[in-house]
Amino acid sequence: MEVGSGSGYVITSLAIMLRQLGSGAQYLATDINQHAAETTQATLEAHGVHADVIVTDIVSGLDKRLAGMVDVAVVNPPYVPTPVEEVGCKGIASSWAGGLNGRQVIDRILPAVREMLSERGWLYMVALEDNDPSDICHLMSEMGYASRVVLKRCTEEESLYVLKFWRDPHAVSSASPKSSGSESWFSQLPFKSLWHKNS
């Protein structure tokens with residue numbers, strides 16, 4: 001599942017990569033913006049893959065039906081620090097406007113998506129340095145999730161992280177993001193190459 005699918009590029013790329021592995025997965029994409037949902041659908045169709053695309057705020061209306069059923073969730077949230085009043089505004093700005101410290105939308109997404117994850121589910125989320133990734137990992141740890149920084153890439157304008165979360169009963173004892181030499185199979189997929197050009 002992708003929350004906030006925008007152009008649909010991420011969910012489409014994920015579906016293509018998993019299809020190459022012979023996966024029979026089902027895909028779901030949500031976005032609050034009708035135009036974004038239509039663009040996601042067009043991107044999926046252009047690449048010959050299928051996902052259910054739903055216009056909704058984060059996972060509103062899906063949370064009870066899909067609780068505990070999502071194996072992989074990907075989120076590239078609005079994370080740019082902006083005035084609070086820009087969050088959720090109409091137009092393209094809503095795709096990046098994250099409010100105070102860029103966390104206003106992130107802090108709504110995390111508990112909602114957490115409830116959707118299966119027992120072995122993974123959540124991958126893009127975060128900005130200004131979002132305080134360590135604090136995000138600490139909050140998730142308090143909810144029983146371990147974390148790892150899967151990727152970190154710096155550009156002239158920003159430092160971006162891809163954070164991975166998964167259920168772990170021992171997570172509370174280690175609340176800081178971990179970097180590990182042992183990467184998951186997912187982190188080894190070609191998706192990683194998208195970040196190389198910004199290294």
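Predicted model: local features only at pLDDT ≥ 70, side-chain atom pairs only at ≥ 80, totals over all residues.

Q: Why is α1 called roughly parallel to α2?
A: The axes of α1 (residues 9-20) and α2 (residues 34-46) cross at roughly 30°. Angles under 35 degrees count as roughly parallel, so α1 and α2 get that label. Their axes also come within 9 Å, and the crossing is right-handed.

Q: What makes the contact between α1 and α2?
A: On the α1 side you'll find Y9, I11 and T12, and on the α2 side T40, T43 and L44. Contact here means heavy atoms within 4.5 Å. Sorted by class, that's three nonpolar residues, three polar ones and no charged ones.

Q: Why does E38 count as partly exposed?
A: Buried means under 20% relative accessible area and exposed means over 50%. E38 has a relative accessibility of 45%, so it lands in between and counts as partly exposed. You'll find E38 in helix α2.

Q: How far apart are E38 and I54 in sequence and in space?
A: In sequence, E38 and I54 are 16 residues apart; in space, their C-alpha atoms are 9.6 Å apart.

Q: How much of the chain counts as buried?
A: Of its 199 residues, 45% do. The cut-off for that is under 20% relative accessible area.

Q: What makes up the largest nonpolar core, and which members touch the most others?
A: This core has 47 residues, and L123, M125, I136, L163 and F165 touch the most other members. At least two residues each come from α1, β2 (28-31), β4 (70-75), α3 (106-116), β5 (117-128), α4 (133-142), β6 (145-154) and β7 (159-167). The biggest giver is β5, with eight residues. As a general point, nonpolar side chains tend to be buried together in soluble globular proteins.

Q: Which residues is F165 in contact with, leaving aside its neighbours within four places in sequence?
A: F165 is in contact with G121, W122 and L123, then with I136, C137 and M140, and also with Y145, A146 and S147.

Q: How do you know what share of contacts join residues at least 24 apart in sequence?
A: Take the contacts in the chain between residues at least 6 apart in sequence: 69% of them join residues at least 24 apart.

Definitions and conventions. Residues numbered from 1 in each chain as written. Heavy atoms only, no water. Axes fitted to C-alpha atoms, helices over the stretch in contact; angles between N-to-C directions. Helix = DSSP H or I, 4+ residues; strand = E, 2+ residues; numbered from the N terminus. Parallel < 35°, antiparallel > 145°, perpendicular 65-115°, else oblique. Left-handed = near helix turned anticlockwise from the far one by under 90°. Nonpolar A, V, L, I, M, F, W, Y, C, P; charged D, E, K, R; others polar. Core = buried A, V, L, I, M, F, W, Y, C linked by side-chain atoms within 4.5 Å. Buried < 20%, exposed > 50% of the residue type's maximum accessible area, 1.4 Å probe, protein only.
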